[in-house]
Amino acid sequence: MQRIRLRYTKRGRLRFTSHRDFQRAFERALRRAEVPMAYSAGFTPHPKVSYANAAPTGTGSEAEYLEIALTAPRDPETLRVLLDESLPAGLDITEAVEARTSGLADRLTASVWELRLDGVEPAEAERAVEAFTKAGTVEVQRMTKNGVRTFDARPAVVSLETHDAPADRPSDRPCAILRLVVRHVTPAVRPDDVLSGLRAVADLAPPVPAAVTRLAQGLFDEETGTVTDPLAPDREAAGALTAQSAAAATAPLPEGPA
């Protein structure tokens with residue numbers, strides 16, 4: 001059984017698709033592309049697709065991941081192209097690698113988010129960010145199926161910084177750009193929780209909903225403070241195997257008896 005790991009995006013209007021909507025669209029794409037999927041056992045078999053830490057509905061993403069199991073081997077890049085052509089624009093398959101290591105979900109320990117706050121002056125956002133990062137505790141509330149839950153959002157936030165807005169923006173309205181690195185903890189701290197925290201500590205209230213995009217997702221490197229590519233170990237393992245095969249093919253044959 002071959003396992004393929006895919007990276008995909010949610011862009012534009014498609015950021016409003018729910019995870020269930022994406023699942024339906026992706027399973028249709030698998031059928032259109034005639035992918036030889038492995039299926040689960042039981043009375044209602046379903047294709048073996050493992051989704052990992054999907055972004056909340058309403059947020060864009062450049063770094064969503066899933067894994068599929070196949071009954072017959074396929075070239076990852078060819079498979080990527082076929083699936084990408086079978087999905088609507090905005091749900092784009094950007095990378096495919098053969099799974100040669102274990103624990104993809106275990107390598108998704110942090111995310112990098114961009115928050116675009118239209119109508120907010122950058123200086124105002126910078127003051128709010130400073131207040132948030134200096135706070136020891138930032139309590140926020142979230143509605144759950146069991147009622148309102150209060151928790152501290154500050155420990156999960158590794159970094160929160162302001163960035164310059166693009167120079168070629170079509171509008172002259174003020175716009176603040178925040179870059180957020182957050183650990184995946186329990187309970188999960190989402191970008192909207194951080195926005196609630198900024199409102200709590202600095203009364204920052206954007207006049208329109210923030211445009212939120214996940215830029216990266218992967219293992220958090222404590223030494224560098226960066227989020228690493230979760231597919232890199234699989235690419236490295238594939239490269240090492242290719243190098244070994246090439247070396248074996250070019251190795252001289254042992255000489256026979258004289």
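Colleague: Where does Gln2 lie?

Modeller: Gln2 lies in strand 1. Helices (H or I, at least four residues) and strands (E, at least two) are DSSP runs, numbered from the N terminus. This is a predicted model, so local features need pLDDT of at least 70 and side-chain atom pairs pLDDT 80 or more, while totals for chains, interfaces and linings use all residues. Residues are numbered from 1 along each chain as its sequence is written, and side-chain values use heavy atoms, with hydrogens and water left out.

Colleague: Is Gln2 buried or exposed?

Modeller: Gln2 is buried, because its relative accessible area is 9% (buried is under 20%, exposed over 50%, partly exposed in between, with a 1.4 Å probe and protein chains only).

Colleague: What does the side chain of Gln2 reach?

Modeller: The backbone nitrogen of Arg74, at 2.7 Å. Leaving aside neighbours within four places in sequence, Gln2 is in contact (heavy atoms within 4.5 Å) with residues including Ile68, Pro73 and Glu98.

Colleague: Switching to Gln217. Where is its place?

Modeller: In strand 10, residues 211-218. Gln217 has 1% relative accessibility, so it counts as buried.

Colleague: Which side chain does Gln217 join in a polar contact?

Modeller: That of Asn53, at 2.7 Å. A polar contact is a pair of N or O atoms within 3.5 Å; within protein, one must be able to donate a hydrogen and the other to accept it, and residues adjacent in sequence count only if both atoms are side-chain atoms. A polar atom of the Gln217 side chain also lies 2.8 Å from the backbone oxygen of Ala63.

Colleague: Now helix 3. Which residues are buried there?

Modeller: Ala125, Ala128, Val129 and Phe132. Seen down the axis, the buried residues of helix 3 fall within an arc of 105° (taken from the directions from the helix axis to the C-beta atoms), so they line one face.

Colleague: Why would residues a few places apart point the same way?

Modeller: An α-helix has 3.6 residues a turn, so residues three or four places apart point the same way.

Colleague: What is exposed on the other side of helix 3?

Modeller: Arg127 and Lys134 are exposed there.

Colleague: And what covers the buried residues of helix 3?

Modeller: The cover includes strand 8 (157-163), strand 9 (175-183) and helix 4 (191-202).
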